[in-house]
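Please look through the structure below with this short briefing beside you, which takes its surface, its sheets and its charged pairs in turn.

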Amino acid sequence: MVGIRKTVSPNLVALSMSYILSLVGMTQWGIRQSIEVEIIFISVERNIAYTKIKPEETKEIKLSQDSYSENWPVKGSVEIKNLSLIYPFSKSPVLNRITLSIQAGEKIGVVGRTGAGKSSLVTSIFRLFEPYPNGCISIDGVNISNVRLSRLRSSISMIPQQPFLFEGSLRFNLDPWSEYTDEQIWNALESSSLKKKIEEMPEKLESPVIENGKNFSSGERQLISLCRAVLQNKKLIVMDEATANVDLETDKKIQQSIHTLFKKSTVITIAHRLNTVIGNGYDKIAVLDNGILKEFGSAHDLLCNPESLLSKMVSAMGIDSDTNLRKLAYDQHKIGNFLEKNLHF
């Protein structure tokens, strides 16, 4: 501008400066819009990627007709034979030739260090990833690999580590399909030790639940998840470290409720803490290590062997915990023997 100040009129210079400022603003707007388009196209790419995901089950199984009873499983017995599981992104199996037999009504604890394969066992039962060989898991004699996923997963109750609550009413979170009466829901709440809490809320069953249940404590969310399982009243219950994020007192309350409410159901509990499954009424404990079933038996029998992996895990917790857990296991064993003798008479 300085070089041409004698050849260009001031009016034209002022007009040029005005247009340059407007052009800068338009350039910034264009850049912002291109970024918005890029962000939106990420969502489009995700939707396209979802359409390319392979179905979880074959078309034959999806269209197949159920050949078993409407109330399956009726007993809740589980047979696992040579179960192996390998994730698509992994080169080595996370579960290797697992074999165990769970009788109807038994309470089974599954323990092991981080990465032992505890949650992978749950993954196999729900067929989130297909276990192999075909037929390695059967429930009440039915090969779950031939069961439609919608039927399989709706036939088993799940109490997860992080229970998810939907935004809406408490009633909707407990009974989204309106299958149960108010009386049944209140009975389930009472069984789950939540009735008093809900009765104190102004809107009772219609009380609002904010996103992911943040207006309830962690323990209360777990009890709501337990209440769902009580309403469903299935013969097979799976708990995947459901009490890992609650205090010991709430853990104890949940375990007591499980053994009372699901007395006739089979319960498989993936335990983060040994306190959860030792001395709490569990019939047997499965100990996993690097995807291999190392031990399977009662807590008392396993702890009587100082060389057992469970015994070593308990000893590593310190003298106080070691003494307490061994005493709990012995007391449960003694009570079990007493009850067994009386039943024979």
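This is a predicted model: local features need pLDDT of at least 70, side-chain atom pairs count only at pLDDT 80 or more; totals for chains, interfaces and linings use all residues.

V37, I40, F41, V44 and I48 together make a nonpolar surface patch of about 430 Å².

- An open sheet with mixed pairing is formed by 6 strands, which follow one another in the order β6-β9-β10-β3-β11-β12.
- Strands β6 (157-159) and β12 (292-297) are at the edges and have a single partner strand each, so one side of each is left without a neighbour in the sheet.
- On average, and ignoring direction, neighbouring strands of this sheet are turned by 15° against each other.
- Strand β3 (residues 107-111) pairs in the parallel sense with strand β11 (residues 284-289) over 4 bridges, and the bridge partner that I108 has in β11 is K284.
- Helix α3 (residues 118-125) packs on this sheet, where it touches β3, β6, β9, β10 and β11, and the direction of α3 makes about 140° with that of β10.

**The sheet of 4 strands**

- Another open sheet consists of 4 strands in the order β2-β1-β4-β5, and its pairing is antiparallel.
- Its edge strands are β2 (95-102) and β5 (142-143), each of which pairs on one side only.

**Salt bridges**

- The count of salt bridges comes to 9, and among them is the one in which the side chains of R171 and D182 meet at 2.5 Å, N to O.
- This pair links distant parts of the chain, since R171 is in helix α5 (residues 170-174) and D182 is in helix α6 (residues 182-191), 11 residues apart.
- R171 also forms a salt bridge with E206, in which the closest N and O atoms are 2.7 Å apart; E206 lies in the loop between α7 and β8 while R171 lies in helix α5, so the pair ties together parts that are 35 residues apart in sequence.
- Another salt bridge joins E220 and K197, whose closest N and O atoms are 3.6 Å apart; E220 lies in helix α8 (residues 218-232) and K197 in helix α7, so this pair ties together parts 23 residues apart in sequence.
- E220 is buried, with a relative accessible area of 18%, whereas K197 is partly exposed, with a relative accessible area of 30%.
- Through salt bridges that share partners, R171, D182 and E206 are joined into one network.

Methods: Residues are numbered from 1 along each chain as its sequence is written. Side-chain values use heavy atoms; hydrogens and water are left out. Two strands pair if DSSP finds at least two bridges between them. Helices (H or I, at least four residues) and strands (E, at least two) are DSSP runs, numbered from the N terminus. Axes are lines fitted to C-alpha atoms, for helices over the stretch in contact, and angles run from 0 to 180 degrees between N-to-C directions. Contact means heavy atoms within 4.5 Å. Patches are made of residues with over 30% relative accessible area and no salt bridge: like charges are joined within 9 Å, nonpolar side chains (Val, Leu, Ile, Met, Phe, Trp, Tyr) within 5 Å. Accessible areas come from the Shrake-Rupley method with a 1.4 Å probe; for residues, only the protein chains shown count as cover. A salt bridge is a side-chain nitrogen of Lys or Arg within 4 Å of a carboxyl oxygen of Asp or Glu. Buried means under 20% relative accessible area, exposed over 50%, partly exposed in between (1.4 Å probe, protein chains only).
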